[in-house]
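This report goes through selected features of one protein model. The sequence and structure come first, followed by notes on individual elements.

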Amino acid sequence: MVRVAALKQQVEAQVTKLTPDGRSPQEQLDLISQRLRPMVMQQHKHFQQALRPLLATQGIYLLDYIDLNQEQRTYLQHYFDEQIFPVLTPLAIDPGHPFPYISNLSLNLAVVIKDPVTEEDLYARVKVPNILPRFLQLPEELRVQQKDIPAIWTAVPLEQVIAHNLETLFPGMNIQEYYPFRITRDTDLELEEDEADDLLLAIEQELRKRRFGGSIVRLEVHSSMPETVREMLRQEMDLSENDVYEAEGILCLRDLFTLADLSIPELRDPVWTSTVPSRLRKNGDSLLKDGPIELEEDFFAVIRKHDVMVHHPYHSFSNTVQRFITQAAYDPDVLAIKMTLYRTSGDSPIVNALIAAAENGKQVSALVELKARFDEENNINWARKLESVGVHVVYGLVGLKTHTKVVLVVRREEGRIRRYVHIGTGNYNPKTARLYTDVGLLSCREELGADLTDLFNYLTGYSRQQSYRQLLVAPVNLRDRMLTLIRRETAHAREGCHARIVAKMNALIDPYIIATLYEASQAGVQIDLIVRGMCCLRPQVPGVSDNIRVISIVGRFLEHSRIFYFHNKGQEEVLIGSADWMPRNLDRRVEAVVPVQDSAIAKDLQEILGIMLADNRQAWDLQPDGRYVQRRPTGDSPEQSSQRILMELAHQHG
């Protein structure tokens, strides 16, 4: 909906600029189609041949209409007459009826009809209404019953129920066949920020356009669709053959999320119970003690003693970051709260705390990023709600997204002003904090407080701030500082010293960073990269990246934290922040990365990296040719593997 759509726009605009790997927009589209088509087929094949039978062994049946018995069909016939038929709208496709508008990601039926009078073949489109459940459940007495397997859920795809009742929609006609199809539209917002008088209003207008949708970029069809119908759809939608994707079985597999709501504890991950960092527990309570863990009441007093690291979801978000902001909202000594909001939940306790702070007379500033993709509408609603209670709401900088995750709390203490900060890698969203791994730093270091003050002045006012005391800020100095840190390790390796880089991020696609890492590898720097998603660097290429290893961790939680380690001749540096090594993060977004000065926290972060590098179950090794190979357990125990990696990280003299 975004990246492929952008490439198609470049092709239409006859853009000839090549990517760093020498490919034109059309060549990229061709390769995407070539690579993606087998993956889509594999995905559907896996559901049909593996997952669907496995679900049946647990009493969960997704049936095809043709396999139903008469009682089940009778029930669905009544359901169709009462609940489905009234909301359906059949649309003819002929010279008198232009090809209908088809909404983004909607599921549709292409229906072939024969007029019994003229013997003419006709086409029609029926939209499968998304206001109805995608899978229609049968009542308990009509569920599939198997010996020794209790029937939990039996359902039929909605489109099949519609398809087998099409004669009701086209009375007097002969229904020849039906074929499901689905389209994908360009949904990226096209903003002329420099020309917009009101950014919020401009985005609202663009969101209205998105609802109607941009150009069509993909057509998904069932593999049974004949060439005549497929060609008709393709021509009407002005698509190339490369834009058409075939699938076996049901289309739109994302609707299977319905099954996630079934109450079957034995098929779920065990409930994860978060804890809190030891520094926030009263008297450093052990997690092994009997009875509930007591928390320190004065959050600010703890931070004054030492920095605190939080690691979600292992550490509770509500008892750490959320509590920090909530306590600030009600603390009579807090004068001001400033924070950035990129994505948050629909019922955000963070936003409610900011509202309470404003109502309590504090100066509250919130930078709400209206251009957070697919969260624009949610953020507009929050922005209006915050403004209504007196919060100073800023929408960000023209031409830049504000992606950094920072909070600044200004507090009066014994006649002086002290600033408390939170700098993190993840959004202030209590729901994703239970699903994503993220780290954050709570501190009252004077330099960080001053840096965040300057950063917020940059975000809310007019500023040409070009330097910061400790923070690495994009697009100001983050790129240059990261390149400098990599080149420093390169220089150390050339001097014959041990040199080591470990970096964990979501994506690595910046060509300048990649070229600098290649140079470091050739100098002898040992480099380990933990890149969950896109990685354009090729490791272990002789003479280029012999000393670089790349893994991706795919596990229960989405790996989202960004952690950077540099050996620095034994004066190790560890940094965390919101930025991946991507051009958009380094050049077109406001990001903040913070160096960790507390030695205990630095060791904790190194341990996280060591554990991930030692993973032999959920880690996938990137090969020189771009393939990933999943690791398998070795003779080492996880503790032995982790210890080995940690010893490498701590190695001082090569």
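## Helix 10 and its ends

Serine 348 caps helix 10 at the N-terminal end, with a side-chain oxygen 3.2 Å from the backbone nitrogen of isoleucine 350. The model is predicted, and the distance of 3.2 Å is a value computed from it. Helix 10 covers residues 349-359. After helix 10 comes glycine 361, which has a positive phi, near 90 degrees.

How much of helix 10 is covered? Helix 10 is mostly covered, as eight of its eleven residues are buried. The buried residues of helix 10 are Ile350, Val351, Ala353, Leu354, Ile355, Ala356, Ala357 and Ala358.

## A β-α-β unit

Strand 8, helix 7 and strand 9 form a β-α-β unit, and the unit is right-handed. The helix of this unit, helix 7, consists of residues 227-236.

Strand 8 spans residues 216-222 and strand 9 spans residues 244-247. In which sense do strand 8 and strand 9 pair? The pairing is parallel, over four bridges. Valine 221 has glutamate 246 in strand 9 as its bridge partner.

An open sheet is built from three strands in the order 1-6-5, and its pairing is mixed. Strand 1 (60-62) and strand 5 (135-137) are the edge strands, each pairing on one side only. From one strand to the next, the twist averages 25 degrees.

Strand 6, made of residues 153-157, pairs with strand 5 in the antiparallel sense, and three bridges join the two. Phenylalanine 135 has its bridge partner in strand 6, namely proline 157. In general, side chains in a regular strand alternate between the two faces of the sheet.

## The protein overall

The elements described above belong to a protein with 17 helices and 27 strands. Of its 654 residues, 52% are buried. The accessible surface amounts to about 31,200 Å², and carbon and sulfur atoms account for 50% of it.

What share of the contacts between residues at least 6 apart in sequence join residues at least 24 apart? The share is 71%.

Terms used. Residues are numbered from 1 along each chain as its sequence is written. This is a predicted model: local features need pLDDT of at least 70, side-chain atom pairs count only at pLDDT 80 or more; totals for chains, interfaces and linings use all residues. Side-chain values use heavy atoms; hydrogens and water are left out. Two strands pair if DSSP finds at least two bridges between them. A crossover is right-handed if, with the strands pointing away from the viewer, the path from the first strand over the helix to the second runs clockwise. Buried means under 20% relative accessible area, exposed over 50%, partly exposed in between (1.4 Å probe, protein chains only). Contact means heavy atoms within 4.5 Å. Accessible areas come from the Shrake-Rupley method with a 1.4 Å probe; for residues, only the protein chains shown count as cover. Axes are lines fitted to C-alpha atoms, for helices over the stretch in contact, and angles run from 0 to 180 degrees between N-to-C directions. A polar contact is a pair of N or O atoms within 3.5 Å; within protein, one must be able to donate a hydrogen and the other to accept it, and residues adjacent in sequence count only if both atoms are side-chain atoms.
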